[in-house]
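Hi everyone, thanks for coming. Please have the sequence and the structure open while I talk, and I'll walk you through the parts I'd like you to find.

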Amino acid sequence: MPSWNSRGLRGSVLEEAINMTNERYRQEHLALVQKIPTPITPIEFDKENRHITLAYFEQKSTVDYIGNVQGIPVCFDAKECATDTFPLQNIHEHQIKFMEDFEGQDGVAFLIIYFSQRDEYYYVPFKDVKFFWDRAASGGRKSFKIEELDKRYIIKVTNQIFIHYLDAVNKDLSERDD
């Protein structure tokens, strides 16, 4: 079983920023998107600070977020990358399958990746994620470079709505209509 430890905190700043964005979207009646908690079984506790220090995941998670944007179902995972190359091992096969099934039900699936070295956020449409996944499965690169991502999907960061990913969802939807 995979264990949870300090690795569990990786991406927590990214997730907190997305949570703040989603709360703002809710307040503005733009979207209702929620973080999906991953069920864990605690193993060790720090009784003094009342914290879980070691736990095991009870089941495979699907994606980090699921919700609805103006009547359109969305699901996405938030990932952080310290370099310009994103390793596909950070995505699990069951997540790919879930996102594929979600899109098969007319939903919109995607990744939000924060490239911390550049301080850039990218919306990666599922069709691109699937392309990179299939390329790796057929013996190609086991990662993708930031240069391979569509620059039109860079997510703007604003003071009003921190990680404003709805513009990218809209762009993704409009390209599907074409």
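**A walk through the sheet, the helices and the cores**

Helices (H or I, at least four residues) and strands (E, at least two) are DSSP runs, numbered from the N terminus.

A word on where this comes from: the model is predicted, so local features need pLDDT of at least 70 and side-chain atom pairs count only at pLDDT 80 or more, while totals for chains, interfaces and linings use all residues. Residues are numbered from 1 along each chain as its sequence is written, and side-chain values use heavy atoms, with hydrogens and water left out.

Now the whole sheet. Seven strands form an open sheet with mixed pairing, in the order β2-β5-β6-β8-β9-β11-β12.

Next, what covers α3? Its buried residues are Phe126, Asp128, Val129, Phe132, Trp133, Arg135 and Ala136. Buried means under 20% relative accessible area, exposed over 50%, and partly exposed in between, using a 1.4 Å probe and protein chains only. The cover over those residues includes α2, β8, β9 and β10 (143–145); contact here means heavy atoms within 4.5 Å. The length of α3 works out too: at 1.5 Å a residue, its twelve residues should span 16 Å, and the end C-alpha atoms are 16 Å apart, which agrees. That expected span is 1.5 Å times one less than the number of residues. Just after α3, Gly139 takes a positive phi of about 95 degrees.

From α2 (residues 93–104), please find Ile96. Ile96 counts as buried, at 4% relative accessibility. Leaving aside neighbours within four places in sequence, Ile96 is in contact with Ile91, Phe126, Val129, Lys130 and Trp133. Ile96 and Val129 are 33 residues apart in sequence, yet 8.3 Å apart in space, C-alpha to C-alpha.

On to the nonpolar cores, which are sets of buried Ala, Val, Leu, Ile, Met, Phe, Trp, Tyr and Cys residues joined through side-chain atoms within 4.5 Å. The largest has 26 residues, and those with the most contacts inside it are Ile18, Val33, Phe76, Phe110, Tyr123 and Tyr165. At least two residues of this core come from each of α1 (12–27), β5, β6, β8, β9 and α4. Apart from it lies another core, of 23 residues, among them Phe86, Leu88, Phe115 and Phe132.

Then the rings: the whole structure holds 14 aromatic pairs. Rings of Phe, Tyr and Trp (its six-membered ring) pair if their centres lie within 6.5 Å; planes under 30 degrees apart count as stacked, over 60 as edge-to-face and the rest as tilted. Phe110 and Tyr123 are stacked, because their ring centres are 4.4 Å apart and their planes at 25 degrees. Phe110 lies in β8 and Tyr123 in β9, so the pair ties together parts that are 13 residues apart in sequence.

Last stop: is His29 buried or exposed? His29 counts as exposed, at 68% relative accessibility, and sits in the loop between α1 and β2. Its phi is near 60 degrees, a positive value in a residue other than glycine.

Technical notes:
Pairing = 2+ DSSP bridges.
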